[in-house]
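Visitor: Hi! I'm new to this one and would like a quick tour. Could you show me the structure?
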Amino acid sequence: MHFSLQRHAGYALVAAALFGASTPLAKRLLGDVSPLVLAGFLYLGSGLGLFVWHLFSRLINPSNRVTALHGKDYFWLAGAILTGGIGAPVLLLWGLTGISASTTSLLLNFEGILTTILASFIFGEAVGKRIWQSTAVMLLAGSILFYSPNTEVREFLPALAVLAACLLWAVDNNLTRNISATDPVMVAMYKGLAAGSVNLGLAWQTGASLPATTTLVEAIVLGLCSYGLSLVLFIIALRHLGSARTSAHFGTAPFFGATLSILLLNEPVTASFSVGLAFMLFATWLILTEKHDHFHVHNELTHEHAHHHDEHHDHEHEGHEGPEPHSHVHVHKPLAHSHPHLPDLHHRHHH
């Protein structure tokens, strides 16, 4: 394992823990609130909480410059909001009303599979043999969990809703990768505010009622932690690891969710659950131990993002950039070399 590269997986793993906890905790809230209203307050809590965070950070460090959104960045953000912020949460929470939280948690591994497929075939990300092997193991694990010969067709609909949510989140992941160089707090804040407002607007149109104050507060706090902070960390991981690998590390989220479901909701530990969990752990290990090292060429590139100075950032300064890490427009001169790397902002070359 290249520990210097895989250290960025820590962001995705913590994000996974925060998001994984949302499944059983949201399941407990669904008895008091509709899926549409809950989705709205989860994202609104995320957006409002991050807005407060943004204001507080500007107050304590007004000279700190972050990488803002520009031009087509808003197009990618709008697509991410529509798919991952509006469509996916509603489908997930509706699915939760018909199947157990532990089953839902493990079905969410399909998000990583679909993200990898889209990253490779649609968005042109380099996906190696080991990641495809992990994807196949994930698919096998999900099939073991999903298959039940005695289940009626109508009982598959909630599970299909969860899988549809995974597809929308896969699109969201790949769109968000295109803006991962920008300030992750701002991206997650915009997404939370927009998605929360739209979902609550739809809930109001359908005549849904507001939950009790206690439930509302719990939903907002859960949204800030499991959607807001989780997304901030996920975006940072996308910047360094790319969509496929970040989603693979994020695939540990169901383990956290399933464990909490068993501990908090007293759900049974079935044979299919145990076997599926074992396969998914093995798939995650495949990703964590991946090695990627070859000769590659960096073409000239001009962009802006937060960075430290290293072999990829050997540029001149005018003296006002501030301490590292700092963010400013800089130019990468052409460079050819060989070293271990992952598809971060500077290694999105063809293979």
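Visitor: Which residues have the most contacts inside the largest nonpolar core?
Guide: They are Phe19, Leu38, Leu92, Leu93, Leu108, Trp169 and Phe250, in a core of 62 residues. A nonpolar core is a set of buried Ala, Val, Leu, Ile, Met, Phe, Trp, Tyr and Cys residues joined through side-chain atoms within 4.5 Å. Buried means under 20% relative accessible area, exposed over 50%, and partly exposed in between, with a 1.4 Å probe and protein chains only.
Visitor: And which helix gives the most to this core?
Guide: Helix 11 (residues 213-241), with ten residues. Helices here are DSSP runs (H or I, at least four residues), numbered from the N terminus.
Visitor: Before we go on, where do these values come from?
Guide: This is a predicted model, where local features need pLDDT of at least 70 and side-chain atom pairs count only at pLDDT 80 or more, while totals for chains, interfaces and linings use all residues. Residues are numbered from 1 along each chain as its sequence is written, and side-chain values use heavy atoms, with hydrogens and water left out.
Visitor: Thanks! What does Leu38 touch, beyond its neighbours within four places in sequence?
Guide: Leu38 is in contact (heavy atoms within 4.5 Å) with Ala26, Leu29, Leu30, Val33, Leu93 and Ala219.
Visitor: Switching to aromatics: how many aromatic pairs are there?
Guide: The count is eight. Rings of Phe, Tyr and Trp (its six-membered ring) pair if their centres lie within 6.5 Å; planes under 30 degrees apart count as stacked, over 60 as edge-to-face and the rest as tilted.
Visitor: Why is the pair of Phe19 and Trp169 edge-to-face?
Guide: Because their planes stand at 85°, with the ring centres 5.7 Å apart. Phe19 lies in helix 2 (residues 9-20) and Trp169 in helix 9 (residues 157-177), so the pair ties together parts 150 residues apart in sequence.
Visitor: Are those two buried or exposed?
Guide: Both Phe19 and Trp169 are buried. They also belong to one aromatic cluster with Tyr43, Tyr227, Phe234 and Phe250.
Visitor: Last topic: where is the kink in helix 5?
Guide: At Ala88, shortly before the proline Pro89, and the kink is about 35°. That bend is the angle between axes fitted to the seven residues ending there and the seven starting there.
Visitor: How many residues does helix 5 have?
Guide: Helix 5 (residues 73-96) has 24 residues and reaches 33 Å from its first C-alpha to its last, close to the expected 34 Å. The expected span is 1.5 Å times one less than the number of residues.

Key:
Helices (H or I, at least four residues) and strands (E, at least two) are DSSP runs, numbered from the N terminus.
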